[in-house]
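Let's take a walk through this structure together.

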Amino acid sequence: MSVTEAFARVLSRSGGSSRAPTLDTSHNIVLYLEDISVSFDGFKALNSLNLYIEAGELRCIIGPNGAGKTTMMDVITGKTRPDEGSAWFGQTIDLLRLTEPEIAKAGIGRKFQKPTVFGSHTVFENLELAMAGDKSVWKILFARLRAEQIARIEEVLETIGLKDHRQVLAGGLSHGQKQWLEIGMLLMQDPELLLVDEPVAGMTPQETEHTAELLVGLAGKRSVVVVEHDMEFVRSIARTVTVLHQGSVLAEGSMQEVQNDPKVVEVYLGD
Amino acid sequence: MSPQQSLIGRLLLNERGSRYFLIVLLGFALIVPALHLLMPEGSALQISGYTMTLLGKYMCYALLAIAIDLVWGYCGILSLGHTAFFALGGYAMGMYLMRQIGTRGVYGDPILPDFMVFLNWKELPWFWHGMNHFPIALFMVLAVPAVLAYVFGWLAFRSRVTGVYLSIITQALTYALLLAFFRNEMGFGGNNGLTDFKELLGFELQAPGTRVALYLASALALGLGYAACRYIVSSRFGRVIEAIRDAESRARFIGYRVEDYKLWVWVFSAILAGIAGALYVPQVGIINPGEFAPINSIEVVVWVAVGGRGTLYGAALGALLVNYAKTWFTAVLPEIWLYALGALFVGVTLFLPQGVVGLAAKLKRSKS
């Protein structure tokens, strides 16, 4: 690190409350995963995985069970540390040095496969909790919702179609509604990169269609990575598809190209 | 509930349980000392000093129960070692009271408490210095439990020790302190503990006025402690700790530093327990290592479960009910008490998962 860089770093540290540097996507790439390997008791969940996500892109990731999709998400969000490789968020943020809350703060939001909303809080409170902002203990202890924050929550309630359920306890929502609430919580975090794990599992065709619209609408402003099994859904939203197999990338390209790739047909689409 | 409402609004207007709790507490605080001081001896309305002090003791217990409910009911941390903080607060107060005895002790040493003279010690251990000053003792009442809780919590929560494992190490903590305080070399009076107190701030401990003042101080501490906890749980901080209780890793992924939240609520709870212990000691007149016994901590958890956890007032109610039952049982059928306590816990777990408060709410729902 050069002297000026170091100086800039010190300045940014004393200036902002955030320790991580701000996201820099000047090379038009928002996420770099290079040579990532993770093994659990000898089983290689990820095997020198290389993945680049462009800023504003909507990327779908498919692959059979055990291909490493969830482990990849875990590495990006700091839940699992890789044995080897590097993971960068933009040009400046080294994900492997940050904790889960720091990564969330830096701008990566995640929706889990199984919807985990806070069941004993209302829909409104779930969104309030997920809201971007200073999440240190003292700030939160004396936090009051400002008018523009309430407006933002109302806006998201509208987007996810739960406006009439704002005072309902999240534990009592239907499965599809919980999925939507999760997406809403993701939106409240205002992330630059959204990781969405199986967004339409258990949704009706109508709900699926809404979700597709929502995700397509988000791409451009933000980058979205979707892991999904539902091929119909992937086909309806994907521009670029990455196929994972045994912990590394098997093929990448448009849905058309991937579908016609003989390797892919063999391991995944064929059966 | 609108998050814009003021603290007082939230405490008194919105929440019926809080309103009842604070009104009943105020009633007790005013009526009991009045009846004790004003009614003539032998009158049916007279409340004896014994009864008043017993109620004051229950109030200390209620504050301890609220402290446990804050971490257990709202943040999911089941502490089976909270009386460690209670006893440490009590010991800090006990040290001050010991130093006030002065030459009135059995050996009449102006500086050294009796047990030190008995052990042939020539000078005061370093940690007894300054404890004859009330402000310093008061500071220690708050600081000792807080520092211990901070160190313990920092280690435990950072290593992500949760659930039953955390409960077990809280038991180990209080058990280790029990063993340590039993030792004469520790300088806390060994198994006899600290007792034979004479005065507090220059007032005779046995004088009716002092006892009324201690009773009122306990009621005040309970009221303020309750209000502080109620503020915490109805703030956004409260919603965050509940979120941690329900889905810890989810809370982490939306950007909350879970260990910070757990640590601060844990330290605050320990301070409340320490205050409760400090008010308890001058009213019962003794503090000994028995207060650290793991069974005591478990008993407090039973109070909270009986009253209904996650409500705060339920914890206070449970402390009152179980201790009243205990006082009655140990007077009438002393050998039965532990069985009764065990049966109570099993019964509550099986039939009243929400405690007495939950039962009351259920009965009301079914009526309407």
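Start with a charge and a ring: the charged end of B:Arg309 sits over the ring of B:Trp72, 4.5 Å from the ring's centre. Keep in mind that what you're looking at is a predicted model.

How many aromatic pairs does a search of the whole structure find? Over all chains, the search gives 26 aromatic pairs. Take B:Trp328 and B:Phe329: their ring centres are 5.4 Å apart and their planes stand at 80°, so this pair is edge-to-face. The cut-off behind that word is an angle of over 60 degrees between the planes. B:Trp328 is partly exposed, with a relative accessible area of 46%. Elsewhere in chain B, rings gather in a group: B:Tyr91, B:Trp126, B:Phe127, B:Phe181, B:Phe188 and B:Phe292 form one aromatic cluster.

Now zoom out to where the chains touch. The size of an interface is often given as the accessible area lost when the parts come together. Between chain B and chain A, the buried area is about 2,900 Å², and carbon and sulfur atoms give 59% of it. Which three residues supply more of chain B's share than any other three? They're B:Arg236, B:Arg250 and B:Phe253, which supply 31% of the area that chain B buries against chain A. In terms of residues, the contact takes 28 from chain B and 31 from chain A.

What holds hands across this interface? The rule finds 12 residue pairs in polar contact between chain B and chain A, with both residues at pLDDT 80 or more. On the chain B side, helices α8 (208-234), α9 (236-246), α10 (248-253) and α11 (258-284) each supply at least two of the residues that touch chain A. The biggest giver is α9(B), with 8 residues on that side.

Let's turn to charges. Side chains of opposite charge can pair when their charged atoms come close. Over all chains, a search of the whole structure finds 25 salt bridges, and across the interface of chain B and chain A the rule finds 4. B:Arg250 lies in helix α10 of chain B and A:Glu182 in helix α7 (residues 175-188) of chain A, so the pair joins two chains.

In chain B, the side chains of B:Arg104 and B:Glu199 meet in one at 3.2 Å, N to O. B:Arg104 lies in the loop between α4 (83-101) and α5 (114-118), while B:Glu199 is in strand β2 (residues 199-200), so this pair ties together parts that are 95 residues apart in sequence. B:Arg104 counts as partly exposed, at 37% relative accessibility, whereas B:Glu199 is buried, at 17%.

Over in chain A, salt bridges that share partners join A:Glu154, A:Glu158, A:Lys163 and A:Arg166 into one network. One link in it is the salt bridge between A:Glu158 and A:Lys163, with the closest N and O atoms 3.3 Å apart. A:Lys163 is partly exposed, with a relative accessible area of 29%.

A:Thr71 has its place in helix α2 (residues 69-76) and is buried, with a relative accessible area of 12%. What is A:Thr71 in contact with, leaving aside neighbours within four places in sequence? The list is A:Val38, A:Phe40, A:Ala45 and A:Leu46.

Let's finish with the backbone of chain B. B:Asp196 lies in the loop between β1 (194-195) and β2, and its phi is near 70°, a positive value in a residue other than glycine. B:Asp196 is partly exposed, at 41% relative accessible area. B:Leu201, in the loop between β2 and β3 (203-204), also has a positive phi, near 55°.

Notes: Residues numbered from 1 in each chain as written. Chains lettered and ligands numbered in written order. Heavy atoms only, no water. Phe/Tyr/Trp six-rings, centres within 6.5 Å; stacked < 30°, edge-to-face > 60°. Buried < 20%, exposed > 50% of the residue type's maximum accessible area, 1.4 Å probe, protein only. Lys NZ or Arg CZ within 6 Å of the ring centre and 35° of its normal. Contact = heavy atoms within 4.5 Å. Buried area = accessible area lost by both parts, 1.4 Å probe. Polar contact = N/O pair within 3.5 Å; in protein donor to acceptor, adjacent residues only side chain to side chain. Helix = DSSP H or I, 4+ residues; strand = E, 2+ residues; numbered from the N terminus.
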